[in-house]
Amino acid sequence: MKNKYMQKAIELSIESINSGGGPFGSVIVKDNKIISEGVNRVTVNNDPTAHGEIVAIRAATKVLNDFNLKGCELYSSTEPCPMCLSAIYWARIDKIYYANTRKDAQKINFDDSLIYSELQKNINKRKIPMIQMMRNEALEAFELWDKKTDKVEY
């Protein structure tokens, strides 16, 4: 059964290339049924976040009408990049299956090694400068959130 889902993710990655996208495809499965699909649309949509996994997550949340994808599994043609992996954790997906590795992707110039290394660095040593400002003013939103009694936590 799992091979069927991975085969679909791989087929989507090939279809994506043929429709102008990148070589990545994903499906999200719940209760042994594909509930969403996603392909890489970064260049097609001019959206750097439109990776196959993100597209599939967005579609799954619409199908389920819920931001929490607990009980779902994700099948991806390639090991998720740091951004997609973060989104998978935020969505609370139970398990990830992948085919190609990050090293395979690196060989065709999809190289996330800079991001992986940047995440390990001290915030002050990263390639893109990060400058904190107006923290005291911004804390007001956190204080309001903390006191809110009818919030939906995520």
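Angles under 35 degrees between axes count as roughly parallel, over 145 as roughly antiparallel, 65 to 115 as roughly perpendicular and the rest as oblique. Axes are lines fitted to C-alpha atoms, for helices over the stretch in contact, and angles run from 0 to 180 degrees between N-to-C directions. The structure is a predicted model, in which local features need pLDDT of at least 70, side-chain atom pairs count only at pLDDT 80 or more, and totals for chains, interfaces and linings use all residues. Residues are numbered from 1 along each chain as its sequence is written, and side-chain values use heavy atoms, with hydrogens and water left out.

The protein chain has 7 helices and 4 strands. Here helices (H or I, at least four residues) and strands (E, at least two) are DSSP runs, numbered from the N terminus. Along the sequence, their order is α-β-β-α-α-β-α-β-α-α-α. The C-alpha trace spans about 50 × 40 × 25 Å along its principal axes. Of the 154 residues in the protein chain, 31% are buried. Buried means under 20% relative accessible area, exposed means over 50%, and partly exposed lies in between (1.4 Å probe, protein chains only). Contact means heavy atoms within 4.5 Å. Among contacts between residues at least 6 apart in sequence, 48% join residues at least 24 apart.

Two packed helices are described by the angle between their axes and the distance between the axes. Helix α3 (residues 52–64) packs with helix α4 (residues 82–91) at an angle of about 25 degrees. Their axes are 9 Å apart. The two helices α3 and α4 are therefore roughly parallel to each other. Their crossing is left-handed. A crossing takes that name if the near helix is turned anticlockwise from the far one by less than a right angle, and is right-handed if clockwise. On the α3 side, E53, I54 and I57 make the contacts. They meet M83, C84, A87, I88 and A91 in α4. Within α4, P82, C84, A87, I88 and A91 are buried. The cover over the buried residues of α4 includes α3, β3, β4 and α6 (113–120). Just after α4, R92 takes a positive phi of about 65 degrees.

Aromatic rings were examined next. Rings of Phe, Tyr and Trp (its six-membered ring) pair if their centres lie within 6.5 Å; planes under 30 degrees apart count as stacked, over 60 as edge-to-face and the rest as tilted. By this rule the count comes to 5 aromatic pairs. One of them is the stacked pair of Y75 and Y97, with 4.5 Å from centre to centre and 10 degrees between the planes. Y75 lies in strand β3 (residues 72–78) and Y97 in strand β4 (residues 95–100), so the pair ties together parts that are 22 residues apart in sequence. Both Y75 and Y97 are buried. Ring pairs also link Y5 with Y75 and Y97 into a cluster. Elsewhere, R102 lies over the face of Y116, at 4.0 Å from the ring centre. A charge sits over a ring if NZ of Lys or CZ of Arg is within 6 Å of the ring centre and within 35 degrees of the ring normal.

Two loop residues complete the description. D31 lies in the loop between β1 (25–30) and β2 (33–39). D31 is not a glycine, yet has a positive phi of about 50 degrees. D31 is exposed, at 67% relative accessibility. N109 lies in the loop between α5 (102–107) and α6. N109 has a positive phi of about 70 degrees, although it is not a glycine. With a relative accessible area of 72%, N109 is exposed.
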